[in-house]
Amino acid sequence: MKFAIPTEDGLLCPHFGHSPLFTIVDVTPNGKEIASVETLVPPPHDKGVLPAWLKELNCTHVIAGGMGGRAVMLFEQSGIQVISGAPVMAPRDIVEVFLNGQLAANGNPCNDPSFHHGHGHGQCSSHDDH
């Protein structure tokens with residue numbers, strides 16, 4: 001398994017498409033330990049760019065705080081499983097929680113009608129579009 005997690009300031013960035021960095025966490029073949037962690041700058045944001053880029057990096061999973069339905073569909077069409085509703089934590093910690101079977105997707109705040117664009121999750125610098 002190879003996870004892609006949008007990050008800013010060393011923590012998960014709740015707004016997936018506008019994350020300034022992505023942390024790629026590779027897991028050992030037995031699926032029990034983290035093999036490597038690297039942080040990369042994503043290509044400029046545009047529709048379909050991130051799924052293609054992460055597929056080229058051989059990512060199998062994306063862990064996000066929130067992601068729009070269209071983006072989820074594009075990732076799934078690329079063969080990448082999406083886990084949304086993740087807490088704002090360090091990427092390594094998020095993957096360890098997932099590997100321990102304790103990461104429960106608790107909904108997607110950016111699809112929740114009580115949230116609106118322009119709201120401030122307080123983590124990412126750009127909140128206008130997914």
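Q: What makes F75 count as buried?
A: F75 has a relative accessible area of 2%. The cut-off for buried is under 20%, so F75 qualifies as buried. Keep in mind that this is a predicted model, and the area comes from its coordinates.

Q: How do you know that F16 and F22 are buried or exposed?
A: Same cut-off, under 20% for buried. F16 comes in at 5% and F22 at 1%, so both are buried.

Q: Why is the pair of F16 and F22 called edge-to-face?
A: Pairs of aromatic rings are described by two things, the distance of the centres and the angle of the planes. The ring centres of F16 and F22 are 5.2 Å apart, and rings pair if their centres lie within 6.5 Å.

Q: What makes F16 and F75 an aromatic pair, and of which kind?
A: Here the distance is 5.3 Å centre to centre, with 90° between the planes. Against the limits of 6.5 Å for pairing and over 60 degrees for edge-to-face, that makes F16 and F75 an edge-to-face pair.

Q: Why does the pair of F16 and F75 tie together parts that are apart in sequence?
A: F16 sits in the loop between β2 and β3, while F75 belongs to helix α2, so the pair links parts that are 59 residues apart in sequence. The structure holds 4 aromatic pairs, and F16, F22, W53 and F75 form one aromatic cluster.

Q: Which residues have the most contacts inside the largest nonpolar core, and which elements supply it?
A: The largest nonpolar core has 15 residues, and those with the most contacts inside it are A4, F16, F22, L54, V62, M67 and F75. At least two residues come from each of β3 (21-27), α1 (49-56) and α2 (69-77). α1 gives the most, with 3 residues. There is also another core lying apart from it, of 12 residues, among them L12, I34, A86 and V95. As a general matter, nonpolar side chains in soluble globular proteins tend to be buried together.

Q: What is A4 in contact with, beyond its neighbours within four places in sequence?
A: A4 is in contact with F22, T23, I24, L54, C59, H61, V62 and I63. Contact here takes heavy atoms within 4.5 Å.

Q: How do you know that strand β1 is mostly covered?
A: Count the buried residues: 7 of its 7. Both faces are covered, with K2, A4, P6 and E8 buried on one side and F3, I5 and T7 on the other.

Q: What makes β1 a partner of β3, β5 and β2?
A: Pairing takes at least two bridges. β1 and β3 have 6 and run antiparallel, with P6 bridged to F22. β1 and β5 (residues 61-63) have 2 in the parallel sense, and F3 has H61 as its bridge partner there. β1 and β2 (residues 11-12) also have 2, antiparallel, with E8 opposite L11. So each of these counts as a pair.

Q: Where do the hairpins take a positive phi?
A: The hairpin of β1 and β2 has 2 residues between the strands, and D9 takes a positive phi near 55°. β3 and β4 form a hairpin with 6 residues between them, where G31 in the turn has a positive phi of about 75°. β3 and β4 are antiparallel over 6 bridges, and T23 has T39 as its bridge partner in β4.

Q: Why do the buried residues of α3 line one face of the helix?
A: In α3 (residues 91-99), P91, I94 and V95 are buried. Seen down the axis, the buried residues of α3 fall within an arc of 95°, so they line one face. What covers them includes β1, β2, β3, β4 (34-40) and β5.

Q: Where is the pLDDT below 50?
A: The chain averages 81, and 79% of the residues score at least 70. Among the elements, α2 has the lowest mean (91) and β3 the highest (97). Residues 106-130 are where the pLDDT is below 50, though beyond near neighbours in sequence this stretch has 51 contacts in the model.

Notes. Residues numbered from 1 in each chain as written. Predicted model: local features only at pLDDT ≥ 70, side-chain atom pairs only at ≥ 80, totals over all residues. Heavy atoms only, no water. Core = buried A, V, L, I, M, F, W, Y, C linked by side-chain atoms within 4.5 Å. Buried < 20%, exposed > 50% of the residue type's maximum accessible area, 1.4 Å probe, protein only. Helix = DSSP H or I, 4+ residues; strand = E, 2+ residues; numbered from the N terminus. Arc of directions from axis to C-beta. pLDDT = per-residue confidence, 0-100. Phe/Tyr/Trp six-rings, centres within 6.5 Å; stacked < 30°, edge-to-face > 60°.
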